[in-house]
Amino acid sequence: MRRDILTSLIGIVVFTILLGLVYPLVITGVSQVAFPGNADGQRVYVKGQLVGSKLIGQNWGTPVLEKNGKPKEVKGVIVTEADPRYFQTRPSATEGGAYNAAASTFSNRGPNSTRTEEADAENIKAYLELERPYNPGLNAASVPVDAVNTSGSNLDPEISEANAHIQAHRVAAKRGLSLATVNGLIGKYTSGRGVGFSGEPGVNVLELNLALDRLAGGAH
Amino acid sequence: MSLTGWLTIVLFAVILTALALPLGRYMAKVYTGERVFLTPLFGWLERFLYKVLRVDPQREQDWKSYAKSLLIFSLAGWLLLYLILRTQNAFYVPHALNPLGYHSAPWNVTFNTVSSFMTNTNWQYYSGETTMSYLSQMIGLTVQNWLSAGIGIVVAVALIRGIVGRSGKSIGNFWQDLVRTILYGLAPLSVLTAIVLVSQGVIQNFSTYLTAHTLTGLTQSIAMGPIASQEAIKLLGTNGGGFLNTNSAHPFENPTAFTNFFEMLLVLVIPAALVFAYGRMTGNRRQGYAIFATMMVMFLGAVTVAYIAEAHGSPAQHAAGLHTHVIAGSGGGNMEGKEQRFGIAGSALFDVVTTVTSCGAVNSALESFTGIGGAVPFANLSASEVIFGGVGTGLYSMLLYVLLAVFIGGLMVGRTPEWLGKKLEAREIKLAGLGILITPLAALFCTALATASSAGRKSIAEVALSKSGGNTPQGFSETFYAYLSQANNNGSAFAGYTGFIQPSAGNVGSHGITFADLLGGFDMLFARYAPILFALAVAGALAGKRVTPAGLGTMRTDNPTFVVLLIGVIVLVGALTFFPALLLGPIVQGLTGHLY
């Protein structure tokens, strides 16, 4: 008994040092030397300013302004509307505004819940309002599911190809580009399936939007 | 559904088997004391650790002594982890390791969290990036990720020794088994895995949270941290507690479809390898193959159901007017709570992988799975996690079922049941029976208590959010899943169920829901340690038995007939225990398509 207690006490301290300090520090050291970009989260800078991470989705909206010129807020959260010049990410329900990457969360919408249906219906409506002017004949049945359902992390950086090709009509019109040019960029920033068969192809929205800005001859 | 989806599932099973076979051979060598290729590298460290710990590795322990060492060590770990988590912003914590100055979570939530990580459950009422400092994650939670996995494995090894023991009392030495498990098994695998994960995009740094200024003029705050090191052991040790709240759905924990596939292999490779190690240690590899076949059949059945159900879409989606079939450029299906890069197949497979094991990591929101898709994790948990199961826990629970199946088979043919040459008698059967029934008992008792009391209803998200006040199948599912998952030491959740109210990040002004925190905490502790004691007692009872050679009438435990019998026993026990409760939640949702 006493022997077990002594061994346990020494053991827990020794293992804490080895597995809780030495191990993570060694991994950090190796990672920072071998893969510094990845280890730091694939940060993206434009003109020296951090604009996001390639892996983390963003809200591509602009603040809605009140009559007095200040951003409109509801319960302390800035209200935004989609910026039509950019591709839009999936809906996100993180607290403190969409795509809050300091507090990832599941939406926990049940398969048979009325609130799931309401959220879906609302997202379909918003999507149609934004895209139908540029896609005549678009209706609820032809809206891709990823454009309406929130993701697992609520920080999904990608959208489906079908979703991107619908949005391409709007972005091309707003930017005065040909549809072929925009679709070409979509192809360029679509990731294939992992090792050829695993998962689904997806379009990285941040990379795509950055490429569009570069095309427009922006300073970056 | 798509061809690539089915291909993913088939290739996964093939690659898993191909990896587990050699690992099983290696592990059998480690636990029978043979030299392995890492001995020259780690032998000195092993001897040094015995010296520091004042352990005599030659000392043989009987089952009681083995259990005593295990329990005392677990208690020491519990106390230290509680201390670490409750002093999160104390004077000794360097700023760099708590860059946002987070306070500690309240006592009741901490009680739940500590019990959770100790028992390999990793149930999380807290959310990583808004609650824990980097230091707490490293020296607290990560360490228990290692140790709880190690303890699970050594119990399985001790039970195997009892089964194959030749007339003695000893079932090995706890400290030697633990040190060897970590040094020769978990450590090399974790280091390799962590580096592979970083090479694919999992982050590993100590910087403070980033503030990005987006191109449309908004600001975005982004959580950081030493994630890869914890991610590796989280998966290999079937722990499953995410560094970040959304676990393996978060792009920093699981950035690509490739890492998703890789992470699933990590979860199952050790539990599968242990089955092969068992076959080798009994001297008859076919014993291992029979159990592996049993597990694989049940596993593939579960994946098939989940994939078909999720690809079909949910009643809520259809009611809103969405079409969920595959179209050009979109995989369709129930994408609520699922990430684009994994798609339906990658999410359904991950879900099954982590609920047949005690891993409990998630890459999609289980609460948003369709009724039938959500019934699959329920069914996996109802089988008491013997389909591969947690590292070690899966094998020792399965071996108790094997014992029961041998007994039932013996009754059917009218002979004294024998298993690997040892006669099974009343004592072992009683111990195994109790060991099997403890987990369902804990799960159902807690669920009943929580659904019948107003204190329990405080935790149900649906109560606050739905028009019907939470008196819905979804509300029941949330509650049932919470206690079933904690009893099975799984840790995945229908995450609407909560035991922690946190108004803002950093724990200022937060409080726990004492009922849910304590009930869950005791649920986990009881359902972890009681079966361990029963498994070790069975080991002790079997270790002393003499071996008689197999005769003509001996029922074989290594052929397809036995596989069928074993599946039958598992399904029967699970179904008889849980079917009424399952009807009330996921099944009624899956069958009716009604909206609540």
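The model is predicted.

**View 1**

**View 2. The contact between chain A and chain B.** Chain B gives 114 residues to this contact, and chain A gives 97 residues. On the side of chain B that touches chain A, helix α3 (residues 63-86) of chain B supplies the largest share, 7 residues. That side of chain B holds 56 nonpolar, 49 polar and 9 charged residues.

**View 3. Helices α1 and α12 of chain B.** Two packed helices are described by the angle between their axes and the distance between the axes. Here the pair is helix α1 (residues 3-31) of chain B and helix α12 (residues 343-356) of chain B. Their axes come within 8 Å and cross at roughly 35°. The crossing of α1(B) past α12(B) is right-handed. From α1(B), the contact uses Gly5(B), Thr8(B), Ile9(B) and Phe12(B). From α12(B), it uses Ile344(B), Ala345(B), Gly346(B) and Leu349(B). By type, the residues of this contact are 5 nonpolar, 3 polar and no charged.

**View 4. An open sheet in chain A.** The sheet has 3 strands, in the order β7-β9-β8 (chain A), with antiparallel pairing. Why is one side of β7 and of β8 of chain A left without a neighbour in the sheet? Both β7 (158-159) and β8 (190-191) of chain A stand at the edges, and each has a single partner strand, so one side of each is without a neighbour. β8(A) pairs with strand β9 (residues 202-204) of chain A over 2 bridges, in the antiparallel sense. In this pairing, Ser191(A) stands opposite Gly202(A) in β9(A). Helix α6 (residues 205-215) of chain A packs on the sheet and touches β7 and β9 of chain A. The direction of helix α6 makes about 50° with that of β9(A).

View 5. Strands of a sheet pair through backbone hydrogen bonds, either parallel or antiparallel. Strand β1 (residues 43-46) of chain A and strand β2 (residues 49-53) of chain A are antiparallel, paired over 4 bridges. Arg43(A) stands opposite Ser53(A) in β2(A). The hairpin has 2 residues between the strands, and Lys47(A) takes a positive phi near 50°.

**View 6. A hairpin in chain B.** Strand β1 (residues 210-213) of chain B runs antiparallel to strand β2 (residues 219-222) of chain B, joined by 4 bridges. Opposite Ala212(B) stands Gln220(B) in β2(B). This hairpin has 5 residues between the strands. Gly217(B) takes a positive phi near 90°.

**View 7. Helix α2 of chain B and the residue that follows.** Helix α2 (residues 39-53) of chain B has 15 residues. At 1.5 Å a residue, α2(B) should span 21 Å; the end C-alpha atoms are 20 Å apart, which agrees. Arg54(B) follows α2(B), with a positive phi near 55°.

Terms used. Residues are numbered from 1 along each chain as its sequence is written. Chains are lettered from A and ligands numbered from 1 in the order in which they are written. This is a predicted model: local features need pLDDT of at least 70, side-chain atom pairs count only at pLDDT 80 or more; totals for chains, interfaces and linings use all residues. Two residues are in contact if their C-beta atoms, placed from the backbone, lie within 7 Å. Ala, Val, Leu, Ile, Met, Phe, Trp, Tyr, Cys and Pro count as nonpolar, Asp, Glu, Lys and Arg as charged, and the others, Gly among them, as polar. Axes are lines fitted to C-alpha atoms, for helices over the stretch in contact, and angles run from 0 to 180 degrees between N-to-C directions. A crossing is left-handed if the near helix is turned anticlockwise from the far one by less than a right angle, and right-handed if clockwise. Two strands pair if DSSP finds at least two bridges between them. The expected span of a helix is 1.5 Å times one less than its number of residues.
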